[in-house]
Amino acid sequence: MNTKSAAILGASGYAGRELRALIEAHPALELAAAMSARPGQAPEPPALPVDPPIDALDLDRLDGVDVVFLCTPHGTSAPLALAALERGARVVDLSADFRLRDAAQYERVYGQPHTAPELLAEAVYGLTEFARERVPGAQLVANPGCYPTSALLALKPLLEADLLEPAAPMVVDAKSGLTGAGRSASATTHFGNVHENFRAYGVGVHRHGPEICQEAGNDRVVFTAHLLPILRGILSTIYLQPRAGVGAGDIAAALSARYRDEPFVTVYERGLPELDRVQRTNQCHLGVAAHGPLVCVVSAIDNLLKGAAGQALQNANLLLGLPEGTGLGPAHGQHTATAVAPGGLQ
Ligand SMILES: NC(=O)C1=CN([C@@H]2O[C@H](COP(=O)(O)OP(=O)(O)OC[C@H]3O[C@@H](n4cnc5c(N)ncnc54)[C@H](OP(=O)(O)O)[C@@H]3O)[C@@H](O)[C@H]2O)C=CC1
Ligand SMILES: CC(=O)N[C@@H](CCC(=O)OP(=O)(O)O)C(=O)O
C-alpha cells in the first residue's frame, strides 16, 4: 500500500487522541502533524514521558498533507477547513460545522453565523454506510454527530423500506457517557458531579435533533439526550410505530438484510445490545423487540469510535482510495487497537 499523510487538529482532545491512536496503528497512513489548535496558546506538555507530544497550530504544516482531521469544536472547524482545503488537503471535520445543509438553520441551532457557508453545498454528510458513493469524490466530509450516528443507523433502513407509519413520531431516547462532552470539565459533566446521578438534558432543543431530522428526511424525530455516569458509549432506545401489518420480526429482518454485508453494523438475532459489547470498537449493535403497539429498536455505539474517530477513519479511507476498514481492527464485535494504544481513553 502507498502511504498517505494525515494531520490532526485538536489532537489533545478526546476524539483527537482516539484518532491519533488509530492513525499510528494504520498500515497506510503516516501522521504528519498532531496539533492542538487553540490559537495563541502553547500546547500542554505531555503528562507522562510515554505520552506523545502535541505541536502548536501551524497551518503551513498542512501543505502536501493528504487528509486533515478536524477534531475541534464547532465554530472553530469552519475556518480551519477553509485553510486546509486551500492548501489542497481533503478534510474530515468531526465537528458539527458542515452537517446541516442550511446556513440559516446552522445559525438558529448553533447560535452563531456560519463562517464558511459557501462550503455547505459541497460537504458530504459522512454516515459511511449510506454515503459510500459520495465520500470518495468529496473534498470535505462532515462526520456525523455521535447521537445521530446511533439513531440514523437504526432509522434509515426502516424509512427506506417504508415500514413505519408515516404520521407517527419516532422517539429516540438516547444516553451518552461523559466523554461525549469533551475533555473540559464542567459542573454538569465532571465525573465527580455526576457520580450516582442520571439526567435528561437539552430536551426539545438539543442540537442533534435537527441533524437527525435532516438525515431522516422528516421532522418527526423526537430526540432526548441523557448523561450517563460512565466514560464512553451511547445507547439509544428508539420507539417506532410500524405500518399496519408490520411487526418486530419484519423490522429486524429489514435491518438484518440492510446490514448483512456491513463489517461495522451488527443486527442481533435475539437479545438487545449493551454498551460493554461496543465500547472501544467501531461497531454499531442493533436489536429489536416488540413493545405493545410499538416496536423498540436499541442501538449501541462507542461515541469516540463509531460516533467520532472510527467513522472518521472509515471516511478518510474512502477519500484516499483505501479499503474502508483499514486500520479499524477485526471487523465484528471486537476491540480495536485503541483498547491498548497509548493515548486511547481506557
Ligand atoms: N467526544 C465525542 O464523543 C464526540 C465529539 N465530536 C466532535 O469532535 C470535536 C472534538 O471533540 P472532543 O475531542 O470531545 O473535544 P475536546 O474538548 O476533548 O477537545 C477539543 C480540541 O479542540 C481544541 N480547541 C478547543 N477550543 C478551541 C478553540 N477555540 N480553537 C481551536 N481549537 C480549540 C482543543 O485544543 P486545546 O489543547 O488547545 O484545548 C482540543 O484539542 C468536537 O467538535 C465534538 O463536537 C463528535 C462526535 C463525538
Ligand atoms: C454528553 C454530551 O455532552 N454530548 C454532546 C454531544 C457529543 C458531541 O461531541 O457532539 P457532536 O457529535 O455534535 O460533535 C452534547 O450533548 O452536546
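Let's start at Ser5, which sits in strand 1, spanning residues 4-9. Strands here are DSSP runs (E, at least two residues), numbered from the N terminus. Ser5 counts as buried, because its relative accessibility is 13% and buried means under 20% relative accessible area (1.4 Å probe, protein chains only). Leaving out residues up to four places away in sequence, Ser5 touches Glu30, Ala32, Gly64, Val65, Asp66 and Val67; a contact means heavy atoms within 4.5 Å.

Keep in mind that this is a predicted model, where local features need pLDDT of at least 70, side-chain atom pairs count only at pLDDT 80 or more, and totals for chains, interfaces and linings use all residues. Residues are numbered from 1 along each chain as its sequence is written, ligands are numbered from 1 in the order in which they are written, and side-chain values use heavy atoms, with hydrogens and water left out.

Zooming out, the domain assignment (automatic or from a database) gives domain 1 (4-143 + 308-320) and domain 2 (146-301). Their C-alpha centres lie 25 Å apart. Domain 1 puts 21 residues into the contact and domain 2 puts in 23 residues.

Now for ligand 2. Of the 14 residues around ligand 2, Arg99, Tyr201, His206, Arg207 and His208 come nearest; being near takes a heavy atom within 4 Å. The table lists some polar contacts, meaning pairs of N or O atoms within 3.5 Å.

| Residue atom | Ligand 2 atom | Distance |
|---|---|---|
| Cys146, backbone N or O | oxygen | 2.9 Å |
| Gly180, backbone N or O | nitrogen | 3.2 Å |
| Tyr201, polar side-chain atom | oxygen | 2.6 Å |

Taken alone, ligand 2 exposes 440 Å², and the protein buries 81% of that (Shrake-Rupley method, 1.4 Å probe).

Key: A polar contact is a pair of N or O atoms within 3.5 Å; within protein, one must be able to donate a hydrogen and the other to accept it, and residues adjacent in sequence count only if both atoms are side-chain atoms. Helices (H or I, at least four residues) and strands (E, at least two) are DSSP runs, numbered from the N terminus. Buried means under 20% relative accessible area, exposed over 50%, partly exposed in between (1.4 Å probe, protein chains only).
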